[in-house]
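The structure is shown first.

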Amino acid sequence: MMEIDLREIFTATMVLFAVIDIVGSIPIIIDLRQKVGHIQSEKASLVAACIMIAFLFVGETILSLIGIDINSFAVAGSFVLFFLALEMILGIRLYRDENHGSASIVPIAFPLIAGAGTMTTILSIRAEFQTVNIIIAIVLNIILVYGVLKSSSRIERFLTQNGLSVIRKVFGVVLLAIAVKLFAANVKGLFE
């Protein structure tokens, strides 16, 4: 039975917020806007939401087709989150991707917002949370993403580079703790 749980919504929202890291991505967004001109905030937000919600429903089916259970995926996801957190805390880049094409869909909607880390996280938290709560968390994050995309230049002037760096490191520590918790919660399921 689907049940709305505010604690689950809050936790899932914070996990996705930390993984999407839209505030930490403001410098990338500003750089892209300077290169390509106008970024379609509505289009990028809607496409990212569709990708995330679709993956929430068909991701597990795809995994079962290739013989991977949700606990294994969640443990693998905890490693991805761990390395994303290290990137945020230490200010290093472990994963590099080339930016191609128009900025609204690629690279903003995918992979910046709905990238590999986000997909892994969605399936990982699906092992713990109700689907309806995850959908609400996705929608709340997309609203935040839209707001940030729409007002990225004002946010940049307000926070400065040092403020963005502090926020990124704080969310990195939160994400690291979430990765450890996710690993501990799902590693037992591998041996049952």
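In which hand does helix 1 pass helix 6? I found that helix 1 passes helix 6 in a right-handed crossing; a crossing is right-handed if the near helix is turned clockwise from the far one by less than a right angle, and left-handed if anticlockwise.

I noted the basis of the entries: this is a predicted model, in which local features need pLDDT of at least 70 and side-chain atom pairs count only at pLDDT 80 or more, while totals for chains, interfaces and linings use all residues. Residues are numbered from 1 along each chain as its sequence is written, and side-chain values use heavy atoms, with hydrogens and water left out.

**Helix 1 and helix 6**

I looked up the geometry of helix 1 (residues 6–20) and helix 6, which pack at about 160 degrees with axes 9 Å apart. Helices here are DSSP runs (H or I, at least four residues), numbered from the N terminus. Axes are lines fitted to C-alpha atoms over the stretch in contact, and angles run from 0 to 180 degrees between N-to-C directions. Helix 1 is therefore roughly antiparallel to helix 6 (the term applies to angles over 145 degrees). I listed Ala 12, Val 15, Leu 16, Val 19 and Ile 20 of helix 1 as meeting Gly 117, Thr 118, Thr 121, Ile 122 and Ile 125 of helix 6, where contact means heavy atoms within 4.5 Å.

**Helix 6 and helix 7**

I then followed helix 6 (residues 116–126) to helix 7, where the angle is about 150 degrees and the axes are 10 Å apart. That makes this pair roughly antiparallel too, and its crossing is right-handed. Ile 122, Ile 125 and Arg 126 of helix 6 meet Thr 131, Ile 134 and Ile 138 of helix 7.

**Helix 3 and helix 7**

I recorded that the axes of helix 3 (residues 41–65) and helix 7 (residues 131–150) come within 9 Å and cross at roughly 160 degrees. Helix 3 is thus roughly antiparallel to helix 7. The contact includes Ala 48, Met 52 and Leu 56 of helix 3 and Ile 135, Ile 142 and Tyr 146 of helix 7.

**Salt bridges**

My search of the whole structure gave 3 salt bridges (a side-chain nitrogen of Lys or Arg within 4 Å of a carboxyl oxygen of Asp or Glu). I examined one between Lys 150 and Glu 42, at 3.4 Å, N to O. Lys 150 lies in helix 7 and Glu 42 in helix 3, so the pair ties together parts 108 residues apart in sequence.

Key. Helix = DSSP H or I, 4+ residues; strand = E, 2+ residues; numbered from the N terminus. Parallel < 35°, antiparallel > 145°, perpendicular 65-115°, else oblique.
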